[in-house]
Amino acid sequence: MVASPRSVVILGSTGSIGRQALDVIGRNPELFSVAALAAGGANVSLLIEQARRFKPSVVGVAAGDREQLAAALPGIEVIIAPNAAEEIAAIPADVTLNAITGSIGLLPTIAALNVGNALALANKESLVAGGPLVTARAKPGQLIAVDSEHSALAQAMRSGATKEIARMILTASGGPFRLRSDLGDITVAQALNHPTWNMGPVVTVNSATLVNKGLEIIEAHFLFGIPYAAIEAVIHPQSIVHSMVEFVDGSLIAQASPPDMTLPISLALNWPNRVSAAIPPLDWSMRHIWEFEPIDSQRFPAVDLARRCGEVGGGAPAAFNAANEEAVEAFIRERITFTDIVEIVDEVLIQIGGDVSAELRDVDDVSAVEENARAVANELIRGRELRKRGSA
């Protein structure tokens, strides 16, 4: 008996992960069908193109021209509202892929979990900002990793029982500035020029500061229930080994593949089964050199800072992420320097201090922490911007 294709809801369909997911679905129509699409509204023409090709029942957009969308997509229900992604996430399906960038993905994450869908979670900020709220709602096996590092961990974990895990080791490319000693005059274009991965602008900047790796440590803690003390990160500039799991007997199981998000996306959509020929494999007819080295916490303090926030718990990770989102946007807009990003995050955490350590009771608590962190971050950004103009 041939199984029916898995129905998939995609949140953030016009972003990098969303586009790659639709490419996977388009190449495997026997495995997947699209139930609904949601996007922010910055690229409505692409959303229309996607909807015409994949023919979902519903399309949601945070902002846009209803008449334009309705005329372009006859027979498809169109939702235009600030909470459109949350409404789309609540549509029953086999799998919901949350590929939204930023902590605005938290409410759609909760909506998808509440309706019972398997959740392929590319929106790491959901777990960073609201980890306890997400894990409290998730049934066993409902959360599926999409990030290449966490997908690698999930694959490596198949080699033993959770109680046999000694350590998880996330790998980081080191970004474009791994060998650069002076980080003071880095331009936006340089920060967006990642040596091995093709990602959206926010994730690319986060990779350059290594904030991304700090967020991923917090994400790994909530995804797999592993203590922070047992989660580490190392630099691996080739981005071939995506993560490793060390077991109590000294065995180290690593997942290796070319740096292509198509593989973890396809595996997440079809979990626990693999998609045949998802990507071309490594070429073993040529010489390979895989390097590993510790992270220089003096030049890249974000990883240790994120870990401390995770250990503090409560709203500290949410504050870390919210302050970073504001600082990254300011850097991309050339209001502050590259090194200002993590310095501002650190200053925000110092200023709001004890206000973020309390247990998160609900989404309103998360929002309050984030609003406070964003307000302090923007005040600091304005101060740095004025100093930057004064020194120009």
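Helices and strands in this tour are DSSP runs, numbered from the N terminus; a helix has at least four residues and a strand at least two. The model is predicted.

**First stop: a sheet**

Select strands E8, E9, E10 and E11. They form an open sheet of four strands, arranged in the order E9-E8-E10-E11, and the pairing is mixed. At the edges lie E9 and E11 (252–256), each of which pairs on one side only. On average, and with direction ignored, neighbouring strands of this sheet are turned by 20° against each other.

Which residue of E10 stands opposite Ile169? Display the side chains, and Met244 will be found there.

**Second stop: two loop residues**

Select Ser239, which is located in the loop between strand E9 (231–235) and strand E10 (241–247). Ser239 is not a glycine, yet its phi is positive, at about 55°. Is Ser239 buried or exposed? Ser239 counts as buried because its relative accessibility is 4%, and the cut-off for buried is under 20%.

Then select Glu334, in the loop between helix H13 (316–332) and helix H14 (340–352). Glu334 is likewise a residue other than glycine with a positive phi, here near 65°. Its relative accessible area is 56%, so Glu334 is exposed; the cut-off for exposed is over 50%.

Select helix H11 (residues 262–270). How many of its nine residues are buried? The helix is mostly covered, with nine of nine buried. Among them are Leu263, Ile265, Leu267 and Leu269, as well as Thr262, Ser266 and Asn270. Pro264 and Ala268 are also buried.

Finally, move on to Pro272, in the loop between H11 and helix H12 (302–312). Display the backbone here and inspect the peptide bond from Trp271 to Pro272: this bond is cis, with omega near 5°.

Terms used. Residues numbered from 1 in each chain as written. Predicted model: local features only at pLDDT ≥ 70, side-chain atom pairs only at ≥ 80, totals over all residues. Heavy atoms only, no water. Buried < 20%, exposed > 50% of the residue type's maximum accessible area, 1.4 Å probe, protein only. Pairing = 2+ DSSP bridges. Axes fitted to C-alpha atoms, helices over the stretch in contact; angles between N-to-C directions.
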